[in-house]
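Here is a structure to explore step by step. Keep the sequence and the 3D view side by side as you read.

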Amino acid sequence: MEITMEKTLDQKVVVNTIEAIDTSKPSKIEVKDVNVWYGDFQAIKGIDMEIKPNTVTAFIGPSGCGKSTFLRLFNRMNDYIDSHRMEGKIKINGKNIYKKKVNVEELRKEIGMVFQKPNPFPKSIFENVAYGLKIQGIKDKKFIEERVEKALKQADLWEEVKDKLKKSALALSGGQQQRLCIARTLAVEPSIILMDEPTSALDPISTSKIENLIFELKKKYTIIIVTHNMQQASRISDYTAFFYIGELIEYGKTKKIFTNPEKKRTENYITGRFG
Amino acid sequence: MNSIQKNRLKDRLFMYWGMFSTLIGLVLLVVFIGDILIDGLGIIDWSFITNLPSRKAEKAGIYTALMGSIWILFLTAFIAIPVGVAAGVYLEEYSKKNWLSGILEINISNLAGVPSIIYGLLGLEVFVRIMNLGASVLAGSLTLSLLILPIIIVATREAIKAVPKSIQDASYALGASKWQTIWHQILPASGGGILTGVILALSRAVGETAPLIVVGALAYVPFAPDNPMDEFSVLPIQIFNWISRPQHGFIENAAAAIIILLGITFIMNGIAVYFRNKWQKKWK
């Protein structure tokens with residue numbers, strides 16, 4: 001337990017030094033009457049919501065309620081599923097990202113994503129973080145090195161890997177891999193970060209590191225996180241949205257949802273009576 | 001006898017049957033290779049490899065056939081690899097999964113099972129006659145390319161399927177285009193598998209005889225080919241030709257040529273195994 005506390009303090013120092021070179025550009029997200037189908041199955045039913053900049057919003061709900069599908073709408077990751085069909089509008093800073101003219105690759109540089117299982121590329125630690133920049137055609141080595149270092153510091157991983165940047169990312173522990181994936185996302189400098197159960201495959205110490213990280217990152221980024229862990233949602237999020245069978249049942253300040261929910265169903269889920 | 005004893009007996013019987021079956025193949029192969037080595041090993045020396053074919057057994061060498069085989073090998077690789085890998089990538093990554101792609105998939109698998117002589121007939125008609133390439137190295141390579149394309153396509157698809165979806169997701173999520181994801185992630189990750197399939201396909205091409213006979217590869221070519229439009233012979237055809245002669249000397253020559261051909265295929269398979277192991281380690 002002592003070790004965890006120390007690390008937490010360390011990390012705060014690191015993050016604070018980064019704040020000086022801030023490049024934040026918070027984004028507002030508006031969702032208007034969104035419906036999603038997989039073939040005949042309707043996965044998302046008429047959702048309206050607004051997500052405020054520089055907040056952490058938690059999506060909770062039982063498995064199969066559509067929260068991951070919904071999350072993947074924001075960076076259009078569902079585009080690759082053949083049977084997927086979507087109706088409605090999702091506006092980011094006033095622009096509908098589902099318009100025909102939208103460049104999906106550009107969109108995904110604005111909206112980063114961290115996945116459930118750590119998924120580093122089978123390349124070196126450095127190459128993992130540099131990948132997002134290199135595919136943009138950036139060749140300036142010094143620029144890339146600076147960005148990689150900055151991203152690794154932001155993700156609280158720099159101290160652990162600075163001497164082995166050329167080593168394979170697959171040799172890192174699960175928790176380190178997940179922070180590497182966060183660093184990889186930060187290197188592209190997005191304004192929104194989507195996280196799909198980022199700690200569900202990690203041990204408690206790695207989980208607490210990532211939670212601390214999320215807490216720090218929200219100063220610069222808008223974060224949406226899908227989680228099955230109620231304590232996690234209440235610990236780290238400002239707003240919480242409860243989904244049930246494709247519908248948004250309740251959405252509001254986390255404190256309110258967890259202490260005094262309006263809907264009976266929300267209360268039952270949070271208190272563990274179903275799901 | 002109760003049921004436990006019965007099961008044990010069945011278990012033992014099956015084990016012996018399996019052992020016997022394995023041994024049949026192994027023993028036959030050992031006998032065959034031993035026989036060939038006894039007949040041919042004494043013949044192999046540098047002049048056997050560098051001599052031109054001859055009517056006298058002791059003077060005859062495999063130079064033209066070996067060079068023909070090497071020409072065929074490289075030209076076939078040059079044609080079949082880009083086409084086969086591209087087709088595999090397309091089918092796995094770009095084509096929509098519908099009834100048409102289903103039919104395509106079944107047919108490609110079926111093509112891998114078509115007898116090679118049918119490909120020879122196709123090559124004779126299309127490449128030798130219609131395209132007027134004659135009985136050239138190019139016509140032979142094109143024919144063999146057709147023969148091994150299905151194998152390369154299937155191997156490419158299998159290798160791509162084995163790349164974890166999470167890696168592709170990560171690449172797309174960072175703003176990579178489809179092509180960038182294929183080039184930077186999918187192909188490097190599936191490279192070992194693709195290479196294994198390609199080498200196995202090529203080692204099959206090196207051993208093929210029937211389609212090349214139909215296309216018109218001659219048994220007696222006085223010179224090694226020096227461009228793709230030259231006439232040619234290959235090792236299997238040289239072996240076939242020697243074996244069908246009555247003099248004992250040629251039988252020994254054939255055995256020696258078989259050793260060389262087997263050597264080439266073993267080395268190629270060895271390379272394939274090496275790459276497969278290396279690739280598996282990388283993913284561990």
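This is a predicted model: local features need pLDDT of at least 70, side-chain atom pairs count only at pLDDT 80 or more; totals for chains, interfaces and linings use all residues.

Every value below was computed from it.

Begin with chain B. It has 11 helices and 0 strands. Read along the sequence, its pattern is simply one α after another: α-α-α-α-α-α-α-α-α-α-α. The C-alpha atoms of chain B fill a box of roughly 70 × 70 × 35 Å along the principal axes. Chain B has 284 residues, and 43% of them count as buried. Now look at its contacts between residues at least 6 apart in sequence. Of these, 75% join residues at least 24 apart.

Find B:Ile160 in helix α6 of chain B. Is B:Ile160 buried or exposed? Its relative accessibility is 2%, so B:Ile160 counts as buried. What touches it, leaving aside neighbours within four places in sequence? B:Ile160 is in contact with B:Gly88, B:Val89, B:Glu92 and B:Glu93, and also with B:Ile186 and B:Ser190. Then compare a residue elsewhere in the chain. B:Pro228 is 68 residues from B:Ile160 along the chain, and their C-alpha atoms are separated by 33 Å.

Stay in chain B for a second residue. B:Thr265 is found in helix α11, which covers residues 248-283. Its relative accessible area is 19%. The cut-off for buried is under 20%, so B:Thr265 counts as buried. Its side chain reaches the backbone oxygen of B:Leu261, at 2.6 Å. How can a side chain meet a residue further back in a helix? An α-helix has 3.6 residues a turn, so residues three or four places apart point the same way.

Now turn to chain A and its strands. Look for an open sheet of 4 strands, in the order β2-β1-β4-β5, with antiparallel pairing. Strands β2 (41-51) and β5 (95-96) of chain A stand at the edges. Each has a single partner strand, so one side of each is left without a neighbour in the sheet.

Walk across this sheet. β1(A) and β2(A) pair over 7 antiparallel bridges. A:Ile29 has A:Ile51 in β2(A) as its bridge partner. These two strands form a hairpin with 2 residues between them. In its turn, A:Gly39 has a positive phi of about 60°. On to the next pair: 8 bridges join β1(A) to β4(A), and the two run antiparallel. Here A:Lys32 stands opposite A:Lys89. Finally, β4(A), residues 84-92, pairs with β5(A) over 2 antiparallel bridges. A:Ile92 has A:Lys95 as its bridge partner there. How covered is β1(A), residues 29-38? It is mostly covered, with 7 of its 10 residues buried.

Chain A also has a parallel pair. β6(A) and β7(A), residues 192-196, pair in the parallel sense over 4 bridges. A:Ile111 stands opposite A:Ile192. In a regular strand the side chains alternate between the two faces of the sheet. Strand β6 of chain A, residues 111-114, is covered on both faces. A:Ile111 and A:Met113 are buried on one side, and A:Gly112 and A:Val114 are buried on the other.

β9(A), residues 239-244, and β10(A), residues 247-253, pair in the antiparallel sense over 6 bridges. A:Ala241 has A:Tyr251 as its bridge partner. There are 2 residues between the strands, and A:Ile245 in the turn has a positive phi of about 45°.

Next, a helix of chain A.

The largest share of the lining, 4 residues, comes from α7(B). The lining divides into 8 nonpolar, 4 polar and 13 charged residues.

Definitions and conventions: Residues are numbered from 1 along each chain as its sequence is written. Chains are lettered from A and ligands numbered from 1 in the order in which they are written. Side-chain values use heavy atoms; hydrogens and water are left out. Buried means under 20% relative accessible area, exposed over 50%, partly exposed in between (1.4 Å probe, protein chains only). A polar contact is a pair of N or O atoms within 3.5 Å; within protein, one must be able to donate a hydrogen and the other to accept it, and residues adjacent in sequence count only if both atoms are side-chain atoms. Two strands pair if DSSP finds at least two bridges between them. Ala, Val, Leu, Ile, Met, Phe, Trp, Tyr, Cys and Pro count as nonpolar, Asp, Glu, Lys and Arg as charged, and the others, Gly among them, as polar. Contact means heavy atoms within 4.5 Å.
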